[in-house]
Number of protein chains: 2
Amino acid sequence: MTPHPFDQLSVQEMESVVRVVKSNHSGKSLHLKSIGTEEPPKALMAPFLAAKRAGKNPVPPPRIAHVIYYVLEDKLVNQCWVDVPSAKVVKSEVLKKGIHPPIDPWEANEAFEAAFDHPLVKDAIKKCGVEHLIDNLTIDGWMYGCDSEIDMPRYLQMLVYCRDPKTNHQDSNMYAFPVPFVPVYDVLEKKLVRVDYCATGGDDDDAAVEGVGNYDTRPEGKNCIEHCVTNDYLPELQDKMRTDLKPYNVLQPEGPSYHIDSDGYINWQKWHFKVGFTPREGLVIHDVHYDGRSTFYRLSMSEMAVPYADPRPPLHRKMAFDFGDCGGGKCANELTLGCDCLGTIRYFDGNVCDPEGNVFTRKNVICMHEQDDGIGWKHTNYRTDVVAITRRRILVLQTILTVGNYEYIFAWHFDQSAGIQLEIRATGIVSTQLIDAGKKSKFGTIVSPGVMAASHQHIFNVRMDPAIDGHQNTVVVNDTVALPWDAKNPHGIAFENTKTPIEKSCYLDSDIQKNRYLKICNENKINPISGNPVGYKIGGLATAMLYAQPGSVSRNRAAFATHHYWVTKYKDQELFAGGVWTNQSANEVGGVQDAVARNENVRNDDVVLWHSFGLTHHPRVEDFPVMPCEIMKIHLSPNDFFTGNPSVDVPKSNQTFNRSVEVKDCRSCKI
Amino acid sequence: MTPHPFDQLSVQEMESVVRVVKSNHSGKSLHLKSIGTEEPPKALMAPFLAAKRAGKNPVPPPRIAHVIYYVLEDKLVNQCWVDVPSAKVVKSEVLKKGIHPPIDPWEANEAFEAAFDHPLVKDAIKKCGVEHLIDNLTIDGWMYGCDSEIDMPRYLQMLVYCRDPKTNHQDSNMYAFPVPFVPVYDVLEKKLVRVDYCATGGDDDDAAVEGVGNYDTRPEGKNCIEHCVTNDYLPELQDKMRTDLKPYNVLQPEGPSYHIDSDGYINWQKWHFKVGFTPREGLVIHDVHYDGRSTFYRLSMSEMAVPYADPRPPLHRKMAFDFGDCGGGKCANELTLGCDCLGTIRYFDGNVCDPEGNVFTRKNVICMHEQDDGIGWKHTNYRTDVVAITRRRILVLQTILTVGNYEYIFAWHFDQSAGIQLEIRATGIVSTQLIDAGKKSKFGTIVSPGVMAASHQHIFNVRMDPAIDGHQNTVVVNDTVALPWDAKNPHGIAFENTKTPIEKSCYLDSDIQKNRYLKICNENKINPISGNPVGYKIGGLATAMLYAQPGSVSRNRAAFATHHYWVTKYKDQELFAGGVWTNQSANEVGGVQDAVARNENVRNDDVVLWHSFGLTHHPRVEDFPVMPCEIMKIHLSPNDFFTGNPSVDVPKSNQTFNRSVEVKDCRSCKI
């Protein structure tokens with residue numbers, strides 16, 4: 001069967017691609033980073049999709065694989081594009097020095113093994129007084145980041161932790177025992193570069209000098225983590241668990257309400273869309289229609305920047321681009337029935353490769369299920385006491401990433417009112433560093449004895465490529481303004497929703513005083529009821545943006561994280577808010593800032609809206625040893641798109657259908 | 001059995017109170033507005049609750065009923081306090097002219113019947129050309145509001161609507177047929193005051209002149225709603241319903257996880273609190289402890305102001321205080337099994353009285369049930385692939401109010417991480433007014449032919465009376481600031497969470513650039529891990545505030561709606577952000593503005609935090625004929641209150657317990 005152009009590459013396709021790439025570099029060793037489908041140009045896809053919808057059988061656009069890999073002997077990163085059916089390389093490129101693809105666990109493992117044999121590291125272990133714990137030591141392999149150098153070698157920095165000194169349990173919480181040195185490893189040269197020491201004296205440290213703090217005044221060889229204590233998250237390692245939680249089961253006796261058609265499209269409650277999976281982004285939603293009308297061409301998580309607040313070297317370099325430096329697809333969890341979701345679940349697998357080019361399938365990287373989400377709408381006619389009520393059923397597409405210490409849960413919710421929500425949950429373990437006993441730091445919180453969790457931000461960017469009844473769309477700024485006192489406003493109560501279409505690519509910020517929201521409109525199509533252009537409202541999040549100073553490398557690298565909204569003209573392959581090559585970048589190249597700088601027309605054009613928002617996380621003690629989910633949500637809602645409430649035809653909620661159970665007890669109704 | 005002081009009055013107690021009040025006014029006619037428990041002074045309650053917790057059997061504070069009623073012959077509102085056990089009036093008060101208790105449906109019915117017999121109204125019906133539809137006409141009885149007069153008579157204004165002209169179905173959507181006149185009725189004098197005419201010409205109208213617009217230039221007697229069309233929300237009146245939604249059932253085979261003790265306290269997952277019900281506020285949460293530690297003394301919805309944007313008289317007066325003008329308890333829906341909540345449900349009833357003093361029980365005004373709310377926390381150790389994951393179970397206390405056209409769903413969520421969330425859903429039907437064919441208005445949206453839904457705001461206020469490990473608490477402002485470039489911040493990346501305790505009662509606003517949040521601390525108790533005072537973080541909503549101009553009557557009446565946070569010193573009976581007597585008020589009296597003006601110490605004192613936030617609703621066509629829920633949520637989360645994640649002891653999520661079902665189909669895993 002011909003794959004759909006939005007289908008990921010099959011295992012067979014990937015294997016064929018690997019063979020081509022390898023044969024093109026015979027005699028050399030490759031380290032493969034990723035193999036994904038190169039999404040066809042929209043100019044080809046749009047007519048293809050239109051023809052499919054018209055029931056025709058159009059010829060699909062060329063099926064191209066995009067491959068990123070190192071040629072290890074050359075120490076340079078390559079990328080090439082392979083025509084999949086013919087197994088021919090159609091384009092290839094050697095990237096210049098200083099451009100770095102994402103890190104991967106194999107590199108981190110290699111770095112760990114090499115570094116811990118090195119005399120400098122052995123010396124550091126001795127200085128920190130943890131020689132007797134050498135078998136407990138482990139690392140989080142981190143992107144090196146960047147502070148001021150440019151065209152850097154490929155570095156990896158290692159945050160060192162110690163598994164529980166008492167037990168060395170492999171799943172004890174190592175983040176409760178941070179060891180204050182950072183080996184820096186050159187991945188391509190395969191050698192240790194140096195060992196940096198961390199300041200551990202809290203507010204008493206002089207930040208400018210690397211490694212200064214109580215660490216250097218501590219008698220050499222004294223066990224520096226002696227004041228740290230066991231603090232485990234694993235249920236098996238708890239002293240006492242709750243025993244009073246009763247089972248809660250979700251049953252769908254007639255099965256789920258969706259069906260999947262032969263092109264792999266999901267059909268549920270008038271929705272029709274296709275789920276995709278890419279190495280960089282993970283879960284992607286394509287070609288979204290509701291009741292036969294087009295809404296979005298593509299929805300995706302585009303980037304996330306995680307800068308830390310502590311300026312003391314070397315940890316000032318902690319700034320992760322979780323998608324660009326690691327990869328949403330590559331970090332996706334294999335989900336487990338009965339654990340990650342409740343009810344009637346369908347899973348989707350993802351195909352990935354390892355550095356050697358072995359292709360395998362990661363099972364259950366995306367799950368899909370229905371959820372009851374409370375009341376959909378209700379009205380009681382108080383004159384007759386007649387109640388009309390529906391429940392709100394949603395279809396959830398969920399993926400979960402583990403990026404080192406942290407977990408991110410991304411879920412797209414589709415509802416029965418033609419709304420889409422993106423829910424993000426941040427959980428996992430805060431990244432920690434050692435702090436001496438008796439010290440505090442304004443840059444973080446002590447979450448366990450000797451353990452400081454630095455303040456940090458998670459600035460997300462979601463990319464919305466709309467197709468509101470077609471590809472010619474306009475982003476309109478909706479600002480509420482109070483009208484001045486005058487003859488037409490004699491009581492001073494009037495306010496108005498002003499609407500300003502955006503003409504040229506630009507960025508803009510939230511403004512809560514103005515109740516600002518953006519609406520993506522199709523100005524060529526007027527709602528017959530309201531007389532307004534049809535559209536979708538973007539219910540974004542007004543949050544703090546990046547705190548790094550203007551001119552700082554951190555800010556230069558993550559321009560996307562400095563404004564809430566970026567409105568750009570669509571360009572094929574322009575998918576990543578922070579640019580393609582974020583790892584060790586000194587600047588955001590090819591991201592939203594550059595896209596805006598093209599100063600293109602975006603009115604009644606093929607426009608893309610990018611929304612940045614985030615968590616500024618000052619950890620609390622309750623975030624350790626594992627962080628309860630912090631939940632954020634954005635809303636895409638039809639706004640004068642339909643001629644009425646799209647969920648008015650949802651059947652009334654009733655007991656025959658819902659089968660609830662009433663509890664009555666000895667003390668009935670007493671409040 | 002002795003009632004708990006936080007228990008509502010029983011039917012028997014209320015009946016006894018009614019007898020006392022009536023006998024005190026023998027020979028006069030009373031119109032009872034409300035009978036509720038007067039909450040005992042905190043100075044008595046706090047030691048009582050402490051003694052109860054210590055296992056003692058303390059004497060409860062005096063049990064006092066608070067009664068509000070009219071003496072109809074005097075045309076004045078009275079309030080009195082009755083000692084319930086002795087059935088003696090302990091205090092009474094005749095309120096001065098111009099102070100108005102809430103409206104009620106009995107008054108609205110009386111007004112409707114009287115007005116529609118009046119020649120002025122008959123004339124208006126004729127002028128509007130709907131004489132032939134007189135049996136279809138009905139009203140929403142609205143609070144009159146206020147524009148400039150003071151010490152006003154007790155007025156009620158009627159928004160006139162027409163049931164479907166074709167069917168006159170009692171539950172047809174009358175809001176699709178708005179009739180453009182407003183009879184004003186004097187409730188105490190029992191007479192029609194006048195009929196106001198509404199402007200219907202949209203942006204062509206001159207706002208300053210009452211009733212101007214195309215209405216007055218339309219040939220007299222022409223059917224003014226001829227261009228309106230049937231637009232029903234009731235399932236029974238739809239042409240076509242969806243048929244492809246499959247059942248979704250929630251089962252708790254071992255029953256719920258909570259138990260209710262002999263004092264009526266809910267015990268669930270270490271939570272211990274009492275649910276209350278008052279005529280004014282409806283659902284109230286009292287005396288909240290987690291794992292034996294005090295968190296909040298009282299949580300309640302305090303007020304909501306709903307001002308409309310259209311300045312054209314008479315509809316400029318549309319401004320409702322849904323709690324103060326109507327009452328959260330009095331508007332509470334009787335919830336139905338299988339409709340308003342899903343799963344294993346426990347209900348609580350509420351006791352109310354009618355104007356004659358008949359006491360009755362409204363069934364199921366509050367429901368309580370558990371919900372699965374996704375993942376609680378997760379971490380995968382990528383070195384070992386060992387996954388630790390819990391689900392997030394919440395306990396939901398829900399109440400639903402119908403206030404005329406609108407519905408509000410208020411739900412307090414208690415979670416397993418010691419967090420509390422307040423979720424508000426706004427649904428129901430937008431309040432509508434007539435607009436002539438072919439016109440538009442900047443003050444609203446045409447949601448159905450001839451039907452304009454004016455822009456409006458819902459500004460809520462939630463009152464949080466904390467007791468964070470005791471009653472001496474401090475509100476601390478947490479602002480994130482970027483540090484300047486200097487020797488200690490050589491890369492310009494540092495930022496810090498600054499903490500400013502509030503000393504004197506005040507208001508303050510959200511500031512998203514500063515990532516501002518408030519934390520309620522107990523400065524007398526230091527977290528042994530972090531060294532910070534124990535506390536709860538308030539995750540509020542940063543939204544637009546009231547748009548009415550400074551100096552406007554609307555703004556004077558709702559000072560609480562002009563700033564996000566108000567920090568005041570606790571005062572017994574000070575429960576209502578907009579003051580006690582909001583109906584037809586000209587100013588906010590006894591609300592948060594006055595409380596702040598006392599300029600009292602609030603540091604390390606008995607402090608109350610009030611949070612205002614809202615929806616600025618520019619209706620969309622999709623909000624008609626019934627509005628899909630608009631959802632808002634605020635979060636109260638422990639912040640350095642515990643010594644670690646309180647939910648670390650929640651058992652691991654697993655299939656044995658959760659019993660999910662995997663769906664496999666013909667096109668397995670293809671994406």
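Is Tyr406(A) buried or exposed? In this predicted model, Tyr406(A) has 22 C-beta neighbours inside 10 Å and therefore counts as buried. The cut-off for a buried residue is 20 or more other C-beta atoms within 10 Å of its own. Tyr406(A) lies in strand β19 of chain A, which spans residues 406-415. Leaving aside residues up to four places away in sequence, Tyr406(A) touches Ala426(A) and Gly428(A). An unreviewed UniProt entry annotates Tyr406(A) as "modified residue: 2',4',5'-topaquinone". That label comes from the record.

The domains of chain A come next. Chain A is divided into domain 1 (11-94), domain 2 (105-237) and domain 3 (265-429 + 457-617 + 626-655). The centres of domain 1 and domain 3 of chain A, taken over C-alpha atoms, are 28 Å apart. Their contact takes 15 residues from domain 1 of chain A and 13 residues from domain 3 of chain A. On the domain 1 side, three elements of chain A give two or more residues: α1 (11-24), β1 (30-38) and α2 (42-53). Of these, β1(A) gives the most, with six residues. By residue class, this side of domain 1 of chain A holds nine nonpolar, three polar and three charged residues.

The relation between the two chains was examined as well. Chain A is superposed on chain B by a rotation of 180°, with 0.0 Å of shift along the axis and an RMSD of 0.0 Å. The two copies are thus related as by a two-fold rotation axis. Within chain A, the C-alpha nearest this axis belongs to Val250(A), at 2.3 Å from it.

How many residues of chain A are in contact with chain B? The contact joins 165 residues of chain A with 165 residues of chain B. On the chain A side, strand β17 (residues 359-381) gives the most, with ten residues. The side of chain A that touches chain B divides into 71 nonpolar, 58 polar and 36 charged residues. Of the interface residues of chain A, 100% are also interface residues in chain B, so the copies meet through the same surface.

Strand pairing also crosses between the chains. Strand β16 (residues 344-353) of chain A pairs with strand β33 (residues 661-662) of chain B. The pairing is in the parallel sense and runs over two bridges. Here Thr344(A) stands opposite Val661(B) in β33(B).

Notes: Residues numbered from 1 in each chain as written. Chains lettered and ligands numbered in written order. Predicted model: local features only at pLDDT ≥ 70, side-chain atom pairs only at ≥ 80, totals over all residues. Least-squares fit on C-alpha atoms with pLDDT ≥ 70 in both. Contact = placed C-beta atoms within 7 Å. Helix = DSSP H or I, 4+ residues; strand = E, 2+ residues; numbered from the N terminus. Nonpolar A, V, L, I, M, F, W, Y, C, P; charged D, E, K, R; others polar. Pairing = 2+ DSSP bridges. Domains from an automatic or database assignment. UniProt positions renumbered as here; feature names shortened; annotations may be inferred. Buried ≥ 20, exposed ≤ 12 C-beta atoms within 10 Å, placed from the backbone.
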